[in-house]
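Please read them alongside the display below.

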Amino acid sequence: MNAALSQAAPGAVERPEATVHAGGRATVRAPLPGAPASKVEAQDVSVFYGQKQALYDVALGIPERAVTAFIGPSGCGKSTFLRCLNRMNDTIEGSKVVGRITLDGKDVYDPSLDVVTLRARVGMVFQKPNPFPKSIFENVAYGPRIHGLARKKADLAVIVEAALRKAGLWDEVKDRLDETGTGLSGGQQQRLCIARAIAVSPEVILMDEPCSALDPIATARIEDLIDELRRNYTIVIVTHSMQQAARVSQKTCFFHLGYLVEEGPTQEIFTNPRDKLTQDYITGRFG
Ligand code: ADP
């Protein structure tokens with residue numbers, strides 16, 4: 001948590017009337033006419049790490065085949081909420097998620113739901129590129145193989161090529177598929193991780209600050225890729241960069257101290273925020 005935030009106790013920040021936090025609702029705009037349906041819906045989601053509450057009654061919808069950005073100061077709960085969407089928080093000891101999250105209307109926390117299948121449908125790309133210490137080919141082939149998506153070796157090769165093409169990496173690696181994935185540049189490694197996520201045909205791709213370890217050129221490449229991928233995938237990106245949120249997303253959700261303060265079409269959030277906290281954040285008054 002940064003210094004400004006660590007000094008600011010909840011309630012110490014001046015909030016305008018429009019903001020109704022504890023147990024209330026964020027400032028939410030009506031969907032634009034023709035806006036895509038929500039792929040993921042969250043209702044009253046609270047998350048606890050032991051005694052500590054990290055998220056309070058978050059309710060929001062993630063539109064299908066669009067990019068949704070989560071912004072807000074460090075420690076406000078963006079990654080925590082992202083991890084709820086494919087139950088990655090289940091892997092954190094002492095964490096507890098309450099409320100309801102649905103994917104295509106089905107409860108993702110239903111005990112009968114197969115978490116492995118859920119995580120194939122809702123893939124994840126992390127902050128630091130994390131290819132396996134295996135060949136480029138094997139990095140991408142791993143998922144389809146364990147999910148039984150290819151019966152023959154030739155089928156696997158087709159899936160790997162298609163995923164690498166969609167991730168914009170094929171031309172750079174097609175002659176060296178047997179070389180190790182960790183030998184690629186940082187930006188290429190991140191595109192390899194995106195190919196790895198794509199290879200199991202996900203519907204949703206969660207990206208947790210996917211460019212924070214990359215230089216500006218590699219970042220621009222990933223942003224272009226995200227813009228292309230949204231035609232086929234529902235994408236949620238956590239970013240500390242407001243410029244990045246403005247460039248790549250169609251919907252933005254602003255979190256602060258565990259609350260969802262405001263959500264809406266990205267252009268409106270950045271040009272006409274309704275909540276004073278959002279306005280202060282996007283104009284750089286804190287964060
Ligand atoms: P952001 O992504 O906005 O930086 P996080 O979701 O990482 O915020 O963190 C939200 C709050 O939850 C912070 O106070 C953080 O310290 C706490 N937190 C996050 N992960 C854990 C964890 N694994 N164990 C305990 N507390 C955690």
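Is Cys84 buried or exposed?

1. Cys84 is buried, at 0% relative accessibility. Buried here means under 20% relative accessible area, exposed over 50%, and partly exposed in between (1.4 Å probe, protein chains only). Cys76 is likewise buried, with a relative accessible area of 0%. A search of the whole structure for disulfides (a pair of cysteine sulfur atoms within 2.5 Å) finds 0.

2. This is a predicted model, in which local features need pLDDT of at least 70, side-chain atom pairs count only at pLDDT 80 or more, and totals for chains, interfaces and linings use all residues. Residues are numbered from 1 along each chain as its sequence is written, and side-chain values use heavy atoms, with hydrogens and water left out.

3. The chain holds 11 helices and 11 strands, taken as DSSP runs (H or I, at least four residues, for helices; E, at least two, for strands). Of its 287 residues, 50% are buried. Contacts are heavy atoms within 4.5 Å; among those between residues at least 6 apart in sequence, 70% join residues at least 24 apart.

4. The largest nonpolar core has 44 residues. Such a core is a set of buried Ala, Val, Leu, Ile, Met, Phe, Trp, Tyr and Cys residues joined through side-chain atoms within 4.5 Å. Val140, Leu164, Ile194, Met207, Ile226 and Ile235 have the most contacts inside it. Leaving aside residues up to four places away in sequence, Met207 touches Leu82, Val125, Ile194, Ile226, Ile235, Val236, Ile237 and Val238. A second, separate core of 30 residues includes Phe81, Leu85, Met124 and Phe255.
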